[in-house]
Amino acid sequence: MRQKSKNKGLIALLMTVLFGKTGLRLLLLVVLVLCVVLGRSKSEAAAKEKELARQKAVYEERLLLEEERQRLLEEESAYRQTKQYIEELAREKLGLVKPDEIILREEDAP
C-alpha cells in the first residue's frame, strides 16, 4: 500500500516537473474538456442510432404494407383476366343474361 502512495506522489511530482503547477491545471482542464466532449458525442451518437432504428422500423412496416398491396393488385389483375370476371362485368354494366336464365323483377308499388 505504501508503494502505491509513493507511485501516486511520484506521478504527481513528475507531472508538476513536466508541466508546472499552472501547466498541470491546464492539462487537467484539457482532459476534462475532452471527456465532456467525448461523452456528449457518444450520447449524440446513441440518440442518432435510436432514431435510425425507429426509422428503419417504420420503413420495414411500410415495405410490408406495400408488398401486401402489390400481392392484392396481382391477384386482382389475374382475376380480371378470368371468364368469371368478364361475365360479372357483362351482367353488371350491360345487363346481359344467359339464354336459359329467367329474370324476376319487382313490380313498383303504387
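E101 and R91 form a salt bridge, with the closest N and O atoms 2.8 Å apart; the term requires a side-chain nitrogen of Lys or Arg within 4 Å of a carboxyl oxygen of Asp or Glu. E101 lies in the segment after α2 and R91 in helix α2, so the pair ties together parts that are 10 residues apart in sequence. E101 has 32% relative accessibility and counts as partly exposed, and R91, at 34%, is partly exposed too. Buried means under 20% relative accessible area, exposed over 50%, and partly exposed in between, computed with a 1.4 Å probe and protein chains only.

The model is predicted: local features need pLDDT of at least 70, side-chain atom pairs count only at pLDDT 80 or more, and totals for chains, interfaces and linings use all residues. Residues are numbered from 1 along each chain as its sequence is written, and side-chain values use heavy atoms, with hydrogens and water left out.

A further salt bridge joins E87 to K98, where the closest N and O atoms are 3.8 Å apart. This pair links distant parts of the chain, with E87 in helix α2 and K98 in the segment after α2, 11 residues apart. E87 is partly exposed at a relative accessible area of 31%, as is K98 at 39%.

Helix α2 itself covers residues 83-94. Its 12 residues, at 1.5 Å a residue, should span 16 Å, and the end C-alpha atoms are 16 Å apart, which agrees; the expected span is 1.5 Å times one less than the number of residues. G95 follows α2 and has a positive phi, near 70°.

The protein has 2 helices and 0 strands. Helices (H or I, at least four residues) and strands (E, at least two) are DSSP runs, numbered from the N terminus. The other helix to consider is α1, residues 2-79. An α-helix has 3.6 residues a turn, so residues three or four places apart point the same way. R54 is partly exposed at 46% relative accessibility, and E51 is partly exposed at 31%. Elsewhere, E68, R71 and E75 are linked in a network of salt bridges. The count for the structure comes to 9 salt bridges.

The structure holds 1 aromatic pair. The ring centres of Y79 and Y85 are 5.4 Å apart and the planes are at 70°, so the pair is edge-to-face. Rings of Phe, Tyr and Trp (its six-membered ring) pair if their centres lie within 6.5 Å; planes under 30 degrees apart count as stacked, over 60 as edge-to-face and the rest as tilted. Y79 is partly exposed, with a relative accessible area of 32%.

What does the surface look like? Of the 110 residues, 2% count as buried. The accessible surface comes to about 11000 Å², and 62% of this belongs to carbon and sulfur atoms; areas come from the Shrake-Rupley method with a 1.4 Å probe, and for residues only the protein chains shown count as cover. A nonpolar surface patch is formed by L26, L29, V30, L32, V33, L34, V36, V37 and L38, with about 840 Å² of accessible area together. Patches take residues with over 30% relative accessible area and no salt bridge, joining like charges within 9 Å and nonpolar side chains (Val, Leu, Ile, Met, Phe, Trp, Tyr) within 5 Å. L38, in helix α1, is exposed at a relative accessible area of 58%.
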